[in-house]
Amino acid sequence: MRHDIYAAALLETWAIRSEWLSAHLELASHAAPTKQKNLPAIKGNVAVLPMHGAISQRSSIWQDIFRGVSTEQFGAAFVRAINDDRIGAVVINQDSPGGTTAGVEELSDLIHQGSKIKTVVALANSESASAAYWLGSQATKMMAAPGAEVGSVGVYRMHVDESQAMEQVGVRVKFMSVPEYKTEGNPYEPMSADAVAHHMQQVNETYDVFTKAVARGRSVTPAKVRSDFGKGRSFHARQAADLGMVDRVATLAQVIDELGGKGKADIITSAAADALASLCEAWESGVIESLRVPATRHERRERLISRI
């Protein structure tokens, strides 16, 4: 079990805190996966979409192990919320260390486009790291709860060389493969300098996309993201606000109140109940629809932004 999990991890490009991944891979190798479902909620006319746990593109081993969120399921619910006239604003409630990079670029573009139609607020509550920050930075505004951690802007791959350990127990693995790079990066032999250079190129390309997206979302230059947004480090909420990584410090209740959900129960009308059912259906299906632009989008968006 342990070997299988680590082997699967080696196949991914990660935008996640490395210490979180290492700890959870070790835990997962000794414990059975646990299921935990986080579903959207409606508060007044505000849709609250949870982004909790490790991020992956679709239902996978990582969701089973880390109880995380799929970019496809999240994207489906997000589009449904943007298109639903009963919903005035969207809150992305984040508590995520990041995850694999597959699907993140597509979802970040979707959030960026949706924020042009309705007010979208991302809240680090209480963590928005790496891929999660990549996504949260695309919102109309980004907040951080008082105790939140924000940042870890970076990308990596990893390689485990098990050749010496296997040699000690008398096991050798031989690949018969074609073409020459087909088995490159396998854990049964050291990685060549050429292979390291190739994988580093892939990491750099993903990091370039990451930093450009954050720069777009935070209205700064990519150079500023690379130099001033921590270089892979995370920051407490107020430090992140001082650095311009988030707009300000706020709680979830404050964000919802300011967006028009003040004093209202989670579901108080049949319309809200229908909207919630629609979001949950989209969440379960993961089928992303097209964004449609309502005729009054600019007026509604400006009115909501003025409340934040």
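Me: Which residue stands opposite Leu123 in E9?
Reply: In this predicted model, Leu123 faces Met143 of strand E9.

Me: What makes E8 and strand E9 (residues 141–144) a pair?
Reply: A pair of strands needs at least two bridges. E8 and E9 are joined by four bridges and run parallel, so they qualify as paired.

Me: How do you know that strand E6 (residues 89–96) pairs with E8, and in which sense?
Reply: Eight bridges connect E6 and E8, in the parallel sense. The threshold is at least two, so these strands are paired as well. Val90 is found opposite Val120 of E8.

Me: What makes E8 "mostly covered"?
Reply: Nine of the 11 residues of E8 are buried, where buried stands for under 20% relative accessible area.

Me: Which peptide bond involving Ser126 is cis?
Reply: The bond that joins Asn125 and Ser126, with omega about 20°. Ser126 belongs to strand E8, residues 119–129. Most peptide bonds are trans.

Me: What is noted about the phi of Ser130?
Reply: Phi of Ser130 is near 55°, a positive value in a residue other than glycine. Most residues other than glycine have a negative phi. Ser219 also has a phi near 55°.

Me: Is Ser219 buried or exposed?
Reply: Ser219 has a relative accessible area of 68%, so it is exposed, the cut-off being over 50%. Ser219 is in the loop between H8 and helix H9 (222–228).

Me: Why is the contact of Arg80 with Glu289 called a salt bridge?
Reply: The closest N and O atoms of Arg80 and Glu289 are 2.8 Å apart. The limit is within 4 Å, so the pair passes. The pair links distant parts of the chain, with Arg80 in helix H4 and Glu289 in the loop between helix H12 (270–285) and helix H13 (297–305), 209 residues apart. Arg80 is buried, at 16% relative accessibility, whereas Glu289 is partly exposed, at 35%.

Me: How do you know that Arg292 and Asp85 form a salt bridge?
Reply: Their side chains meet at 3.9 Å, N to O, and the limit is within 4 Å, so this pair counts. Arg292 is partly exposed, with a relative accessible area of 41%. Asp85 is exposed, at 51%, because the class begins over 50%.

Me: What separates Asp208 and Lys212 in helix H8?
Reply: The two are four residues apart in helix H8, which means about one helical turn between them. Asp208 is partly exposed, at 27% relative accessibility, and Lys212 is partly exposed, at 47%. Salt bridges with shared partners join Asp208, Lys212 and Arg226 into one network.

Me: How many salt bridges are found in the whole structure?
Reply: The search finds 10.

Me: Which residues of the largest nonpolar core touch the most other members?
Reply: Phe74 and Phe78, in a core of 56 residues. Beyond four places in sequence, Phe74 touches residues including Leu49, Ile92, Ile111 and Trp283. There is a second, separate core of 11 residues, which includes Ala89, Met143, Ala250 and Val255.

Me: What makes the nonpolar surface patch of about 320 Å²?
Reply: Val169, Val171, Val173 and Phe175 make the patch. Membership needs over 30% relative accessible area; Phe175 has 34% and is partly exposed. Phe175 lies in the loop between helix H7 (163–168) and helix H8 (193–218).

Technical notes:
Residues numbered from 1 in each chain as written. Predicted model: local features only at pLDDT ≥ 70, side-chain atom pairs only at ≥ 80, totals over all residues. Heavy atoms only, no water. Core = buried A, V, L, I, M, F, W, Y, C linked by side-chain atoms within 4.5 Å. Buried < 20%, exposed > 50% of the residue type's maximum accessible area, 1.4 Å probe, protein only. Contact = heavy atoms within 4.5 Å. Patch = residues over 30% accessible without salt bridge, like charges linked within 9 Å, V, L, I, M, F, W, Y side chains within 5 Å. Areas by Shrake-Rupley, 256 points an atom, 1.4 Å probe, with all protein chains shown as cover.
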